[in-house]
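Take a look at the protein below. Follow the chain from its start to its end, and then turn to its surface.

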Amino acid sequence: MDRRVRPVRRRPSDLIWLAAGAVGLVLCALPVHADRVAGPEADAFRLVNDLPSLPFGIVWVPMQLGNLLVVPAAVLAALAFRRWRLAAGLVLAGAGVYVLAKVVKRFVERGRPSDVLDDVIVRGAAPHGLGFVSGHIAVVTSLAFVAWPWLPRWGRWAAGAAVAAVFLTRLYVGAHLPLDMVGGAALGLAVGALVQLLLGTPTPNGPDAEVAGAAAVEPDRRVA
């Protein structure tokens, strides 16, 4: 049995992602007001919220990709493939960003779209509590960021689609405003990058790289 441990590295680029996420969160929070919404943000919200209604089940399923229950599901999937470091990263990112989203809500108080706008279409159960930031998008973004280096190409496409689906469906059902979603994604990005810096990411070690490395160190045995 091959018991080799896949080597990991700390990427300087994750420092940039961490800073970008933190700055993005602050920039999204600055224009947020408790009792009003700026025109451009309201227009962007209505562009999605006013779309024709679909059967709620079609919307509800992708929206749950940002549910907190996705965290243990993702961790179990990582454990099933014996990706211990990935599983640890998913736990830290998912639980950490969920708690931090609750903290941000207390510092940047804004209600749900129906609290600050008229004629909002609420699909499904009416959302409660504070709106900034969206915990759903924060969770799915942090998980996608942590999992990204471990995923094959199709898995990365799926992770990106999951983030986009949560982003759009939370606007569509009337649960969040655009800055709630962008700020939540920024928070998820920052937390995911921080976890990557703490635990590291896998180094590229595909078959081609291994063959090339072996060829580089193997002595030339050709007879002249």
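Predicted model: local features only at pLDDT ≥ 70, side-chain atom pairs only at ≥ 80, totals over all residues.

Read along the sequence, the pattern is β-α-α-α-α-α-α-α-α-α-β-α. That makes 10 helices and two strands.

How confident is the predictor? The mean pLDDT of the protein is 87. Of its residues, 88% reach 70 or more. Confidence is highest in helix α7, residues 135-147, at a mean of 97. It is lowest in helix α10, residues 207-217, where the mean is 37. Over residues 206-224 the pLDDT is below 50. Beyond near neighbours in sequence, this stretch has two contacts in the model. Read that part with care.

Now consider how the chain packs. Take the contacts between residues at least 6 apart in sequence: 85% of them join residues at least 24 apart. Of the 224 residues in the protein, 42% are buried.

The protein exposes about 12,800 Å². Carbon and sulfur atoms supply 68% of that area. One nonpolar surface patch covers about 550 Å². Its members are Leu68, Tyr98, Val99, Leu100, Val103 and Phe107.

Pick out Leu100 in this patch. Where does Leu100 lie? Its place is in helix α5, which spans residues 84-107.

Note on methods: Residues numbered from 1 in each chain as written. Heavy atoms only, no water. pLDDT = per-residue confidence, 0-100. Helix = DSSP H or I, 4+ residues; strand = E, 2+ residues; numbered from the N terminus. Contact = heavy atoms within 4.5 Å. Patch = residues over 30% accessible without salt bridge, like charges linked within 9 Å, V, L, I, M, F, W, Y side chains within 5 Å. Areas by Shrake-Rupley, 256 points an atom, 1.4 Å probe, with all protein chains shown as cover. Salt bridge = Lys/Arg side-chain N within 4 Å of Asp/Glu carboxyl O. Buried < 20%, exposed > 50% of the residue type's maximum accessible area, 1.4 Å probe, protein only.
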